[in-house]
Amino acid sequence: MRAASREEAIMRLAFLLVFLSSIASAQQLLLKPVDEVSYPRLVSGFKGKVLLVDFWATWCVPCRAELPQLVKLQAKFKARGLEIVTISADEPETVNAAPKFLKSTGADALPAYVKRAKDDDKFIGALDPKWQGALPALFLYDKTGKKVQAFFGETPIARIEAAITKLL
Amino acid sequence: MFPLLLFLTAVVEPPSFQLSTLQGASVQYSDLKGAKATVVAFIGIKCPVSQAYQSRMKSLFATYTAKGVAFVFVDANANESAAEIEVYATQARIPFPIYKDYNNRAADRMGTQTTPEMFLLDAAGEVRYHGAIDDATNEARVKTHGLRDALDAVLAGKDPKVKELKAFGCVLHRAKKQS
């Protein structure tokens with residue numbers, strides 16, 4: 001009887017551990033929402049670093065192709081002060097697929113956000129008047145937090161790298 | 001607001017550009033425009049956002065063609081061939097013609113950056129509405145029917161209340177220009 005209870009207790013503990021680890025794993029992959037108020041704070045939080053913000057979405061084929069290349073860029077220039085942040089523009093219907101994709105490319109190691117603006121037009125316009133909200137879109141900030149360049153559409157990674165190295 | 005005004009005042013003269021049918025015949029915009037209003041719709045067959053708007057485009061086309069509005073659907077993406085568009089249009093049972101804009105001349109003329117991106121022009125050729133069809137890819141969450149409301153306003157001889165919604169979607173895949 002005692003052995004049976006011990007076995008039962010171990011089983012329960014094992015189940016609890018699996019349950020807790022699955023919660024922890026899910027939470028690690030949660031994308032933090034960013035809106036028109038928190039975006040400037042996010043950028044200013046990287047002062048002293050060169051920051052590349054990547055707006056992407058799970059449905060955006062060129063964005064998906066670009067992400068692994070950005071991960072390599074981050075690895076190459078992290079020691080020199082490059083930080084890359086991803087912001088998913090997925091709507092609620094597709095955003096659940098975002099963490100899995102980020103993980104598959106190694107981009108889950110980068111700070112990951114999801115765009116949840118109260119007014120999308122204002123958010124997009126405030127970020128860059130030339131941006132329509134189309135993807136892919138990358139924004140490069142210098143070490144003072146000033147936006148110095150934007151890349152819209154498919155952009156050769158060498159062009160992005162050249163712009164980054166000028167700022168490092 | 002200022003860039004919008006600048007944009008709207010910049011495109012006051014009637015647009016003039018040439019498109020191509022999927023079979024390769026040239027066609028002028030002036031031959032496609034409507035007597036009351038014209039919607040020039042830049043779409044992308046490989047853009048999921050553009051695809052998501054397919055049924056709304058069909059509905060707008062059916063509703064407003066009957067009211068005298070002409071629709072000019074344009075594919076200016078350099079990575080989407082006429083043959084691919086033809087296959088897509090057949091499979092998706094697209095009821096309207098799609099024109100090819102080679103070297104994105106029409107897109108350059110209109111300043112198009114995105115698919116899907118709409119331009120509503122009145123009979124005089126003035127752009128009265130520009131941008132997205134509405135404000136949400138998921139139809140259930142739409143709050144502002146930008147294009148539909150603007151069409152109703154223009155047909156009623158009024159000024160659209162909302163003149164622009166950001167045209168979210170895919171960046172237009174422009175042809176590489178010889179420099």
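## Basis of the model

Residues are numbered from 1 along each chain as its sequence is written, chains are lettered from A and ligands numbered from 1 in the order in which they are written, and side-chain values use heavy atoms, with hydrogens and water left out. Because the model is predicted, local features need pLDDT of at least 70 and side-chain atom pairs count only at pLDDT 80 or more, while totals for chains, interfaces and linings use all residues.

## Chain B overall

Chain B holds seven helices and 10 strands. Here helices (H or I, at least four residues) and strands (E, at least two) are DSSP runs, numbered from the N terminus. The radius of gyration of chain B is 15 Å, close to the 16 Å that the globule rule gives for 179 residues, so chain B is as compact as a globular protein of that length. That radius is taken over C-alpha atoms, and the globule rule is 2.2 Å times the number of residues to the power 0.38. The C-alpha trace spans about 40 × 40 × 30 Å along the principal axes of chain B.

In chain B, 53% of the 179 residues count as buried. Buried means under 20% relative accessible area, exposed means over 50%, and partly exposed lies in between (1.4 Å probe, protein chains only). Take the contacts in chain B with a separation of 6 or more: residues 24 or more positions apart account for 76% of them. A contact means heavy atoms within 4.5 Å.

## Surface and charge of chain B

The accessible surface of chain B is about 8400 Å². Carbon and sulfur atoms hold 54% of that surface. Such areas come from the Shrake-Rupley method with a 1.4 Å probe; for residues, only the protein chains shown count as cover.

Chain B carries 21 positive and 18 negative charges, and their mean positions are 2 Å apart. Lys and Arg count as positive, Asp and Glu as negative; His and the chain ends are not counted. Each charge is placed at NZ of Lys, CZ of Arg, CG of Asp or CD of Glu.

## Chain A overall

Chain A has six helices and seven strands. Along the sequence they follow the pattern α-β-α-β-α-β-α-β-α-β-β-β-α. Of the 168 residues in chain A, 42% are buried.

Contacts in chain A between residues at least 6 apart in sequence join residues at least 24 apart in 71% of cases. Chain A exposes about 9200 Å², and carbon and sulfur atoms supply 61% of that area.

## Where the chains meet

The size of an interface is often given as the accessible area lost when the parts come together. Chains A and B bury about 1400 Å² between them, with 50% of it on carbon and sulfur atoms. Buried area is the accessible area (1.4 Å probe) that two parts lose on being put together, summed over both. Arg141(B), Lys166(B) and Val171(B) supply 41% of the area that chain B buries against chain A, more than any other three residues. The contact takes 18 residues from chain B and 18 residues from chain A.

## Backbone exceptions

Most residues other than glycine have a negative phi, and most peptide bonds are trans. A cis peptide bond joins Leu135(A) to Pro136(A), with omega about 0 degrees. Pro136(A) sits in the loop between strand 5 (134–135) and strand 6 (137–141) of chain A. Another cis bond joins Thr115(B) to Pro116(B), with omega about -5 degrees. Pro116(B) is in the loop between strand 6 (114–115) and strand 7 (117–122) of chain B.

Arg93(B) has a positive phi, near 50 degrees. Arg93(B) lies in the loop between helix 5 (82–91) and strand 5 (98–100) of chain B, and is exposed at 70% relative accessibility. Asn103(B) also has a positive phi, about 60 degrees. Asn103(B) is in the loop between strand 5 and helix 6 (105–110) of chain B. At 39% relative accessible area, Asn103(B) is partly exposed.

## Two residues in chain B

Phe168(B) lies in the loop between strand 9 (164–165) and strand 10 (169–171) of chain B. Phe168(B) is buried, at 16% relative accessibility. Leaving out residues up to four places away in sequence, Phe168(B) touches residues of both chains, including Gln132(A), Gly133(A), Tyr53(B) and Pro116(B). The C-alpha atoms of Phe168(B) and Ser50(B) are separated by 9.5 Å, though these residues are 118 apart along the chain.

Arg105(B) belongs to helix 6 of chain B. Arg105(B) is exposed, at 58% relative accessible area.
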